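The structure is shown below.

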Amino acid sequence: MTAPTIPDANPPLHPETELVTGGRDSVAQKGFVNPPVVRGSTVLYPTADDIRAHRGEYQYGRHGTPTTRALQQALIALEGPNCAGVGLAPSGLAAISTTLLAVLAAGDHLLVCDSVYRPTRHLCDTLLKRFGVETTYYDPLIGGDIAKLFRPNTRAVFVEAPGSQSFEMADIPAIAAAAHARDLLVIDDNTWATPLYHRSLDFGVDLSIQAGTKYLGGHSDIMFGTIAANARAWPHVTDAIRALGVCAAPDDVFLALRGLRTLAVRLAHHQAAGLAMAKWLKARPEVQRVMHPALPDDPGHAIWKRDFSGASGLFSVVLQPTPDRAVDALLDTVRLFGMGYSWGGFESLIIPFDCTSYRTATQWTPGGPTLRIHIGLENIEDLKADLERGFAAFNAARA
Ligand SMILES: *Cc1c(COP(=O)(O)O)cnc(C)c1O
């Protein structure tokens with residue numbers, strides 16, 4: 001009888017398994033599965049020679065702890081083979097500002113998609129402008145024609161897909177190909193899909209940002225941000241993080257790592273329930289249009305299908321033309337849908353929005369009131385019944 005052959009190595013792991021195993025070192029943690037929440041500024045060096053040479057696995061609290069190291073290792077595995085490192089920031093917006101300050105200098109020109117998260121726009125129009133960086137906004141559907149907007153001093157292109165509030169799907173590979181032909185850096189705010197459903201760094205992006213506040217944390221209890229970079233961009237990120245003193249709070253780092261372990265099961269539910277609700281809403285007479293790239297007739301569907309492996313639970317709807325009081329009646333009647341900013345937690349949310357006042361490269365004319373909806377982990381029949389009551393109030397107020 002021949003002995004069974006046992007392969008030397010495991011095959012490459014699937015992302016769900018990476019989420020569970022990444023960054024774990026139970027031997028270093030005396031057997032415990034999870035790392036401790038390390039709170040620390042001072043790290044002691046054993047000898048004078050060590051401190052003179054800055055020799056040691058950890059050197060100072062701001063530069064990393066066993067807790068931040070565990071999360072970074074897990075995130076590097078998730079971001080894929082093109083990821084050279086992941087920087088941690090105290091909020092999603094801090095990850096964005098750190099990234100832009102890392103790659104831009106006075107006199108540079110920056111291209112930003114018109115459907116970008118609004119506070120990113122504020123950063124470009126105020127602080128970056130004051131520091132001598134000029135921003136041009138572009139139509140998110142521009143694709144390879146982005147090259148027409150390049151100037152001799154253009155340094156970077158910022159994309160976000162799908163766009164905040166209105167869910168336009170940018171063609172990231174086409175934009176990245178044009179940008180790389182000119183040696184520009186491509187930055188992507190990848191919060192909606194997370195690297196589980198869209199590994200930006202595989203699609204020509206150099207710097208991929210996540211507001212970890214959303215799905216990574218997953219429980220509406222942290223403010224957090226991540227900056228994943230390829231080998232070309234990573235040195236800029238580490239320099240900026242050091243220079244700016246960016247570091248995330250120990251509890252938030254721990255909770256982000258805890259959130260990461262269950263990201264795959266949570267997102268699978270957000271995706272299925274979000275899509276089911278989007279279809280249900282689309283069939284409602286009160287709804288004019290649903291903006292969700294995973295719907296087959298969405299204008300961005302082909303790009304979504306090509307570049308993304310899943311959808312999260314956030315989308316928007318355009319209602320039939322109605323006075324605000326009817327929309328307010330709906331919002332004030334629903335009970336399971338909370339009204340508040342952020343999303344990506346376990347709970348369903350609904351907010352009214354209006355991008356008309358601040359888009360500059362495109363015109364936003366939805367033709368009716370707009371609502372952004374996050375579908376949480378509640379039972380979907382309960383959510384439908386809640387919206388059913390909301391629509392009854394809406395129709396009563398409209399009559
Ligand atoms: C929420 C959000 C951010 C900002 O995250 P914070 O942690 O709230 O600073 C950035 N980008 C997108 C797309 C977001 O939705």
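## Ligand site

In this predicted model, a polar side-chain atom of Thr213 lies 2.5 Å from an oxygen atom of the ligand. The protein covers 90% of the 380 Å² of accessible area that the ligand has on its own.

An N or O atom in the side chain of Asp189 is 2.6 Å from a ligand nitrogen atom, and a backbone N or O atom of Leu93 lies 2.8 Å from an oxygen atom of the ligand. The shell around the ligand comprises 15 residues, of which Gly92, Leu93, Asp189, Thr213 and Lys214 come nearest. Helix α4 gives the most to this shell, with three residues.

## Surface patch

Helix α4 spans residues 92-103 and includes Leu101. Together with Phe131 and Leu244, Leu101 forms a nonpolar patch on the surface, and the three have about 260 Å² of accessible area together. Leu101 has a relative accessible area of 33% and is therefore classed as partly exposed, since this value falls between the limits of 20% for buried and 50% for exposed.

Thr370 lies in strand β11, which covers residues 370-374. Its relative accessibility is 5%, so Thr370 counts as buried, the limit being under 20%.

A polar atom of the Thr370 side chain lies 2.6 Å from the backbone oxygen of Phe353. Leaving aside residues up to four places away in sequence, Thr370 touches Val317, Val318, Ile351, Pro352, Phe353, Asp354 and Trp364.

Note on methods: Residues numbered from 1 in each chain as written. Predicted model: local features only at pLDDT ≥ 70, side-chain atom pairs only at ≥ 80, totals over all residues. Heavy atoms only, no water. Patch = residues over 30% accessible without salt bridge, like charges linked within 9 Å, V, L, I, M, F, W, Y side chains within 5 Å. Areas by Shrake-Rupley, 256 points an atom, 1.4 Å probe, with all protein chains shown as cover. Salt bridge = Lys/Arg side-chain N within 4 Å of Asp/Glu carboxyl O. Helix = DSSP H or I, 4+ residues; strand = E, 2+ residues; numbered from the N terminus. Buried < 20%, exposed > 50% of the residue type's maximum accessible area, 1.4 Å probe, protein only. Polar contact = N/O pair within 3.5 Å; in protein donor to acceptor, adjacent residues only side chain to side chain. Contact = heavy atoms within 4.5 Å. Near = heavy atom within 4 Å.
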